[in-house]
Amino acid sequence: MGFPTTSAPPAVTVVDISDLTAANAGMDLLEQDGMPLQSMPLRARRVIVRLKSTMVVYHSTNLRVRMRTQARDGLLACAVFGPRASGLVEGLQIRPGMMAVAEPRTEAGFVVDPGYESIALLVPPEDIREHLSARRREGDFRWPRGVEVLRTDPVRARGLFRLGKRLTATASRSPALFDAGRTERDAAQVELLEALLAAMRSADTLEPLGTERTRRAHSRIVALAEGHVLARAGQRVSVSDLCQAADVSERTLECAFKAVTGLSPVAYLIRMRLHRVRAALLAAEPGSTRVSVEAIKWGFWHFGEFSQAYRRCFGEPPSATLRRGPGMRDLGSNTVAKR
């Protein structure tokens, strides 16, 4: 099974990201919604390698970041993590032998710390089924319902990560090796799928520890509060509203946000709304909107305070962002598409 020839995607895409607001530009495999939780310059990298039917995606970041991500229709996502990676996946602490698996179009939540690295394989489910059927191993892997965090052999998980990282590093240096029709590309896919199937063979559901049950509950509270705010763009949402949406006390809401994001609910939601305004300004056609219009849409009514908060968060006034226009929205990422 291969990709449609009409779209002719590049074999290798390398993206150095300094602004997560612009990081989704040109993305056709994943939908990502990310926000740094630290007010420092961001240096993140994403490398995408398209093989015959499988895609390999490498991620790294130098800051603590909250991300929500999902694979497009028709792709099963399997992620493993670097040896120094730390943070949370669906409220569970990243640890050796962890693997996150998500069915297509299912959103997974991450909070990752500085130094985070991961490898994600995006695989058509039928490819895995064919391999398992040929090996009479259909019962070796339980297909995920939504997002599932699994525990597998740490050695096999580490081997899969190292193989994926080595592949993406090689592709960044020598993209011609992965041109359509090259035997190296097909060989790489075979090796990766073998490593993935080996890791799946010993995979089982990762049961949360006692403290992780609390952390998972906190992650759900934060997700409910985020969803409530995003569904009410332009409305002034109060802490009372968030408590009602998540069905928790103010103290529990505060504890959840501190535990998951390191910020208070008010500070986190202001930052989230600032990023939404920035995304709208970057996407706007010349003359199609004004800064004040987009600010009001996300509940900022005091424009002086809004402008100061925007400058502190992004290092520039909102008017400068708007002047770039959609043709300049990739300034937050340095993208190199290689065929």
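# A chat about a predicted model

Student: Hi! Which helices and strands am I looking at, and how many?

Tutor: The protein chain has 10 helices and 14 strands. Helices (H or I, at least four residues) and strands (E, at least two) are DSSP runs, numbered from the N terminus. Keep in mind that this is a predicted model, where local features need pLDDT of at least 70 and side-chain atom pairs count only at pLDDT 80 or more, while totals for chains, interfaces and linings use all residues. Residues are numbered from 1 along each chain as its sequence is written, and side-chain values use heavy atoms, with hydrogens and water left out.

Student: Thanks. How much of the protein chain is buried?

Tutor: Of its 339 residues, 51% are buried. Buried means under 20% relative accessible area, exposed means over 50%, and partly exposed is in between (1.4 Å probe, protein chains only).

Student: And what share of the contacts is between residues 24 or more positions apart?

Tutor: Those account for 77% of the contacts with a separation of 6 or more. A contact here means heavy atoms within 4.5 Å.

Student: Let's go inside. Which residues of the largest nonpolar core touch the most other members?

Tutor: They are Leu-51, Leu-121, Ile-128, Leu-160, Phe-178, Leu-192 and Leu-196, in a core of 35 residues. Helix 3 (residues 183–201) gives the most to this core, with eight residues. A nonpolar core is a set of buried Ala, Val, Leu, Ile, Met, Phe, Trp, Tyr and Cys residues joined through side-chain atoms within 4.5 Å. In soluble globular proteins, nonpolar side chains tend to be buried together.

Student: What does Leu-192 touch?

Tutor: Leaving aside neighbours within four places in sequence, Leu-192 is in contact with Leu-51, Val-56, Leu-121, Leu-160, Leu-163, Gly-164 and Leu-167. Leu-192 lies in helix 3 and counts as buried because its relative accessible area is 1%. Its C-alpha atom is 9.8 Å from that of Phe-161, a residue 31 places away along the chain.

Student: And what about Ile-128, what is that in contact with?

Tutor: With the neighbours within four places in sequence set aside, Ile-128 contacts Leu-76, Val-123, Trp-143, Leu-196, Leu-197 and Met-200. There is also a second, separate core of 34 residues, which includes Leu-63, Phe-81, Phe-110 and Leu-206.

Student: New topic: how many cavities of 30 Å³ or more are there?

Tutor: Two. The largest cavity holds about 260 Å³ of space. Its lining has 21 residues, and the closest to its centre are Thr-69, Ala-77, Ala-79, Phe-110 and Ala-120. On a 1 Å grid over the protein atoms alone, a cavity is a set of points where a 1.4 Å probe fits but cannot get out, and a pocket is an open set with protein on both sides within 12 Å along at least five of seven lines; lining residues have an atom within 4 Å of a point. Grid points are joined across faces, edges and corners, and a volume is the space filled by probe spheres set on the points.

Student: What kinds of residues line the largest cavity?

Tutor: The lining has 15 nonpolar, six polar and no charged residues. Ala, Val, Leu, Ile, Met, Phe, Trp, Tyr, Cys and Pro count as nonpolar, Asp, Glu, Lys and Arg as charged, and the others, Gly among them, as polar.

Student: And the second largest pocket, what lines that?

Tutor: Seven nonpolar, five polar and six charged residues. This pocket has about 310 Å³ of space, and among its 18 lining residues, Ser-18, Met-40, Leu-42, Cys-313 and Phe-314 lie nearest its centre. Helix 7 (265–283) and helix 9 (303–314) are the elements that give two or more residues to its lining.

Student: Cysteines next. How many disulfides are in the whole structure?

Tutor: Zero, where a disulfide is a pair of cysteine sulfur atoms within 2.5 Å. Cys-78 counts as buried because its relative accessible area is 4%.

Student: Last one: where is Arg-105, and what is its phi?

Tutor: Arg-105 sits in the loop between strand 9 and strand 10, and its phi is positive, about 60°, although it is not a glycine. Most residues other than glycine have a negative phi. Arg-105 is also among the residues that Gln-70 touches, not counting those up to four places away in sequence. Gln-70 itself is found in strand 5 (residues 65–71).
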